[in-house]
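The exercises below are to be worked with the sequence and the 3D structure in view. Each task is followed by a solution that goes step by step.

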Amino acid sequence: KTNEYLLIMQYANGGDLQNHLKNNFKNLTWNDKKKLAFQIADGLNYLHNENILHRDLHSKNIVIHENNAKITDFGISKNQNNQSSTAYVGNFGVVAYMEPKRFIDPNFPYAEPSDIYSFGVLMWEISSGYPPFKDNDNKIALAVSISNGAREVTIPGTPKEYENLYKNCWNQEPEQRSSINEILGEFERMGFGNNVTNKLSEGIYLCSYYI
């Protein structure tokens, strides 16, 4: 008997979202893409209802199991009830998905709209099949460009309601971004909601869950 603890996690047989899109994009219908985005929103809703900010949402931190998307990697997640959880000095995460305001002011409070911004970028990535700004290797130049309003262009054939939603999510101004409830409402209008088999409590794949 020891004082050591083991964390047992569900195995995700589809790898991460980025590779899933790379390997399967040609076979994905728009219904499949919307379902993936909805499932991520569903998981994010669960986190925010628990007053938890993920703070590092990107396509390597979403895993696929049985064609269902689950949020993972909670290494820098924080509980909003902790006063030190909503304001951090410095930046973290992957530049293309990060809160633009923090490029200008590293002390800008990280709150729910910052996760929403990252989600909007993920929605675009699901529509395109590849990571945002994939050919831009200059992180500093990219950060400056994004802070000045640069965004990826809409992929031809993207449904208008899907495009409008992710553009609302990645609005430059945090207070103008869609709330998670508004996002779920839009997905319900697209045909995704309580009738979807991916239940809320099953929408999160927990890995390194430190709050």
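**Exercise 1.** What covers the buried residues of α6?

The model is predicted, so that local features need pLDDT of at least 70 and side-chain atom pairs count only at pLDDT 80 or more, while totals for chains, interfaces and linings use all residues. Residues are numbered from 1 along each chain as its sequence is written, and side-chain values use heavy atoms, with hydrogens and water left out.

Step 1: helices are DSSP runs (H or I, at least four residues), numbered from the N terminus, and the buried residues of α6 (buried being under 20% relative accessible area, with a 1.4 Å probe and protein chains only) are Tyr162, Glu163, Leu165, Tyr166 and Cys169. Because these residues cover an arc of only 165 degrees around the axis, they lie on the same side of α6, the arc being that of the directions from the helix axis to the C-beta atoms.

Step 2: what covers them includes α2, α4 and α7.

**Exercise 2.** Identify the buried residues of helix α7 and what follows this helix.

Step 1: in α7, which spans residues 180-189, the buried residues are Ile180, Ile183, Leu184, Gly185 and Phe187, and their cover includes α2 (30-49), α4 (112-128) and α6 (160-169).

Step 2: α7 is followed by glycine 191, whose phi is positive, near 105 degrees.

Notes
Buried < 20%, exposed > 50% of the residue type's maximum accessible area, 1.4 Å probe, protein only. Helix = DSSP H or I, 4+ residues; strand = E, 2+ residues; numbered from the N terminus. Contact = heavy atoms within 4.5 Å.
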